[in-house]
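Me: I would like to go through the aromatic rings of this model and the charges around them. Could we begin with the terms?

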Amino acid sequence: GDNGNQSVPEDMWYFDESGTTEGVFTISQEDNGGTNGQDQWMKILCTTEEALGATTDMIFVSQKVEGFNATRLLDGSSGIAETTVSADIIIHADGSSGLSFPVKVAFSIHTWDGTGRQCVGDVSIAANDTWERVSVTFPSDSTATFDSNNAAAGHLTVSICGGSGRQATNLTWANDTNDYLTSATDNIADQANNYLGITNVQWEVGAVPTSYAHEDIATTLQKCQRYFWRATDGSTNNVVGTGVIATTTIASILCTYPVPMRTIPTQTDTTPTQFYIYDNSGAHYASAVATTGYQNEYGMMMNFTTSSVVVGNGAVAVNVGAAILDFSAEL
């Protein structure tokens, strides 16, 4: 929203771990979650427990925040304002788990611009297998800052577990030393079949959490396509773009992105031979696809290698098989 909220996209989480961790997890998107029982949610299922054998072990999920979005969280004069993170959370503790409710999960803020800063805050989940809306308010900090640009300005994390060397003082800003929990934070991965579920995460200015700012799906999709776009999804008859037969073996195809991307994206294709090049003389299999020098955040010219084409003819590139063509400008 425009009131200082930084709603956190549901599809931009990433999983991270370091140290000598042995825990194994399956992450999936599920339906019918949240406190209203109607929202999609991220399920982080432990399939092999984590014993935290080293003090520097850590496992968490995180969202990188683009600078253009993060600057709304500054206080207008110096540093980051007082902000609140809220979310719908559920914890399932398997029958053999040592977790005892209320269970504590840590959110943490890490800024990467200027002097890197961190602040960790616990939330309490009262009961097993029960969705709860929780929130934590982080104090202001005159040193933490975000640059107004399209780079990653920092990240917001949710702890799964961590060793004693990853502990910070609750709700106290400090220079960033990669701490993601406090001494009171619980190990959600102490037993296989435990899981953490989370949805409707919101980060906003002020000490009072507001209702989650739902937005229409078209707006959400456009925001997501700024970072990632799948031009062909593995099904047939996805039109990649149009262009011209440049040589007897090359079709130059212009692919325009649905929205301007964060930066010039990386293009990958899984099976380039699953494309047809159509021109005036018929349909021809492509044997390879590669980028050319023409590329920006709005689109890309691609060269499809083919044969039996006529120079100067118009051309259309179409996916006719299982090929997946991706453009990524992820942080």
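Reply: A charge sits over a ring if NZ of Lys or CZ of Arg is within 6 Å of the ring centre and within 35 degrees of the ring normal. The model is predicted, so local features need pLDDT of at least 70 and side-chain atom pairs pLDDT 80 or more, while totals for chains, interfaces and linings use all residues. Residues are numbered from 1 along each chain as its sequence is written, and side-chain values use heavy atoms, without hydrogens and water.

Me: Which residue lies over the face of Tyr 195?

Reply: Lys 43 does, at 4.6 Å from the ring centre. Tyr 195 also forms one aromatic cluster with Trp 41 and Trp 131.

Me: And what sits over the ring of Tyr 14?

Reply: The charged end of Lys 64, 5.2 Å from the centre of that ring.

Me: Now the ring pairs. How many aromatic pairs are there?

Reply: Ten, counting rings of Phe, Tyr and Trp (its six-membered ring) with centres within 6.5 Å; planes under 30 degrees apart are stacked, over 60 edge-to-face and the rest tilted. Trp 229 and Tyr 257 form an edge-to-face pair, 6.1 Å centre to centre with 65 degrees between the planes.

Me: Why is the pair of Tyr 257 and Phe 327 called tilted?

Reply: Because the planes are at 55 degrees, with the ring centres 5.1 Å apart. Phe 327 is buried, as is Tyr 257.

Methods:
Buried < 20%, exposed > 50% of the residue type's maximum accessible area, 1.4 Å probe, protein only.
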